[in-house]
Amino acid sequence: MKHLLLDVNVVVDLCVTRRGSTNSRLALAQAKKAGLTCWCYVGSVQTMEYVVADELFHQANAAGQPISRTLSKARARFILGQHTAHFQWLAALAGEADVFGTEDPEDEQLILALDRFPVNTVVLLTRDKLMSDRAGERAMTPEALIECQRAQAIQPAIDFIDLKTQQDAIRPELEKNIHRVLHHGQYIMGPEVKQLEDKLAAYVGAKHCITASSGTDTLLIAMMALGIGPGDEVITTPFTFIATGEMIALLGARPVFVDIDPRTYNIDPAKIEAAITPKTKAIMPVSLYGQCADMDAINEIANRHRLPVIEDAAQSFGATYKGRKSCALSTIGSTSFFPSKPLGGYGDGGALFTNDDALAKAMRDIRVHGQDRRYHHPRIGINGRLDTLQAAIVLAKMERFDWEVEQRQKVGAGYTAMLKESCPEIVVPFIEPYSTSVYAQYTIQVANRDDVAKRLNDSGIPTAVHYPVPLHQQPVFQALGYKKGACSIAEQAAENVLSFPMGPDLLESDVKQIVKNLNACIRLLSQLNQNEKSI
Amino acid sequence: MNIQAIWENGVFRPLQPIAIKHARLTIVVPDEEIEALTAENVPDYDLNDFPAEIREELAKIQAINDAAAKIALPAEMDGVELDEQEQRTRAFDLRNALRREQGRPV
């Protein structure tokens, strides 16, 4: 159980003292502590207002201090506004309006609304027996909830990435934006796409922003715009997600993998120059885990060899390098709106940034089948537009983004401080003094990584490995001929890295719990190791 | 004056003939009578059995309600109810009356 949908009588119990109201309040206080989300149905607003007002009106009169109906309503609105401020409002949907043929339309709407939640995650909290009978097992009285919470202390689970809390925080803007698209109906290249591009360009400080269908397609579009094709070489890092190398290969070019800096996990600029050949057409560093590579050093090498630089900033949107924003640090910046990214949508999406007018035009054309005007195609392109709906969603997320970046940095710093103190054997992330990270991942290095991960997962702490196999060792790139040890630092990192839950809404108490569990896990494994040796 | 009335299907019926000047008036029903109507045995909990933070949360809830009791309206707004609002009030009265009649909480 993660959600409570509140029947009107329970909300009224919060607002007026009456028989049974203490139990409703008790149940909700416990639920708050347990991290359950309380939902009120938007369609019930007026009923709540009038019932609370009515109760206040009658109670005042019964107490010999009569008040007017208007005053009782004013007080009801104040109380409801205060109590529901921490609740989520569940929108009333068109499908919940066809209830006039039912025994009780008010009840029926709430019961229908329950269907929107995943199975076994929601309970309708009500003191109404008739409503309980109608909702069946999905209803619970406040008393049953109190007992349930007393019997098995419901502990809020730690998510690897908590998109739920973020959604709760931006729900009104999100729903408004989505509904606006549904009503204007411009699902492809609607006004939200341009709005988002303008906003992103201004945020990053780039002249042009071109949104696209994914953070993979953005890489493809960027390289197509640069004319990269068969026989060409693109220098990149082996320690990244497959998309980086995959898009190079998809164009018939050869990815040339250069080993990483052991502290930042980003491509080591000192090793780039040796990999440049006459066939090299671009350098593509990746801003891994949310921190930019050493872009000045990379740009300097690129300039000397007249090569363009594509920053694969899928994980670093919002990060800074020497005071400048990621995505505006080289010829082209490319980012991703994959849901788990620092600025993520509710599906695939991405964006490209450049200050070069000709490149911007080329990338815009390539995004729409190489079209420069309707049904006129001077070049080959792809179907690579960002959906208007995704743009509307990312726009809603932009409202909170600055705060989220700040929070991510606080959470990252909190992890590092706690880990340094309690688990000194752990390698914590290193952030260059001239950079800020958005901590797309909080990734450490630990010995016995797989054992540690298993034990942490068993104790309710989700983890992930980014990435277990470097690209030069992937089967698909075997034909490139890289041998074991070709990128030894990346290979070693791949064996030891472990990512922890991360996000702007991760609580300090969660970080403490994670570090505590990790510490316990390391001590236990160390003890087991000692025992094995002594046997 | 006090009059005797019976509660029948959600309606009060006076037991003696009586003429009342206005269509709406306030009838004071003792709390213990309303309790009987809900016909629910709600258990009481000893709040001391719960953690302090739960009790603090309950106190916060009550503080909001107490603050509302201090809200006053300017004299020119107090008691002024539009016909439409009055109609809505009556509609919700009917809702509440029907629910009470069915033994349900409002």
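Visitor: Which domains does the domain assignment of chain A give?

Guide: The assignment divides chain A into domain 1 (3–156), domain 2 (166–398) and domain 3 (401–534); such bounds come from an automatic or database domain assignment. The centres of domain 1 of chain A and domain 2 of chain A, taken over C-alpha atoms, are 46 Å apart. Please note that this is a predicted model, in which local features need pLDDT of at least 70 and side-chain atom pairs count only at pLDDT 80 or more, while totals for chains, interfaces and linings use all residues. Residues are numbered from 1 along each chain as its sequence is written, and chains are lettered from A and ligands numbered from 1 in the order in which they are written.

Visitor: How many helices and strands does chain A have, and what counts as one?

Guide: Chain A has 18 helices and 17 strands. Helices (H or I, at least four residues) and strands (E, at least two) are DSSP runs, numbered from the N terminus. Chain B has 3 helices and 2 strands, and from the N terminus its elements follow the order β-β-α-α-α.

Visitor: What share of the residues is buried in chain A, and what share in chain B?

Guide: A residue is buried if 20 or more other C-beta atoms lie within 10 Å of its own, exposed if 12 or fewer, and partly exposed in between, with C-beta atoms placed from the backbone. By that rule 48% of the 535 residues in chain A are buried, and 8% of the 106 residues in chain B.

Visitor: What makes α1(A) mostly covered?

Guide: In α1(A), 8 of its 8 residues are buried. Among them are V8(A), V10(A), V12(A) and L14(A), as well as the charged D13(A).

Visitor: How many residues of chain A are in contact with chain B?

Guide: Two residues are in contact if their C-beta atoms, placed from the backbone, lie within 7 Å. On that basis 34 residues of chain A are in contact with 32 residues of chain B. The helices α1 (8–15), α2 (21–33), α3 (45–62), α4 (69–84) and α7 (142–151) of chain A each supply at least two residues of this side of chain A, and α4(A) gives the most, with 9 residues.

Visitor: How are the residues of that side of chain A divided?

Guide: There are 14 nonpolar, 10 polar and 10 charged residues on the side of chain A that touches chain B. Ala, Val, Leu, Ile, Met, Phe, Trp, Tyr, Cys and Pro count as nonpolar, Asp, Glu, Lys and Arg as charged, and the others, Gly among them, as polar.

Visitor: Why is α2(A) called oblique to α2(B)?

Guide: The axes of α2(A) and helix α2 (residues 52–68) of chain B come within 9 Å and cross at roughly 120°. Axes are lines fitted to C-alpha atoms, for helices over the stretch in contact, and angles run from 0 to 180 degrees between N-to-C directions. Angles under 35 degrees count as roughly parallel, over 145 as roughly antiparallel, 65 to 115 as roughly perpendicular and the rest as oblique. The value therefore makes α2(A) oblique to α2(B). The residues of this contact include L26(A) and A29(A) of α2(A), and I54(B) and L58(B) of α2(B); the contact divides into 5 nonpolar, 1 polar and 5 charged residues.

Visitor: What makes α3(A) roughly perpendicular to α3(B)?

Guide: The axes of α3(A) and helix α3 (residues 83–101) of chain B come within 10 Å and cross at roughly 80°. The pair is therefore called roughly perpendicular. Here T47(A), Y50(A), V51(A) and D54(A) meet R88(B), T89(B), F92(B), D93(B) and N96(B).

Visitor: How do you know whether Y439(A) is buried or exposed?

Guide: Y439(A) has 33 other C-beta atoms within 10 Å, and so Y439(A) is buried. This residue lies in the loop between β15 (435–436) and β16 (442–445) of chain A, and its phi is near 45°, a positive value in a residue other than glycine.

Visitor: Why does H369(A) count as partly exposed?

Guide: H369(A) has 15 C-beta neighbours inside 10 Å, and therefore counts as partly exposed. H369(A) is in the loop between α13 (357–367) and α14 (388–398) of chain A.
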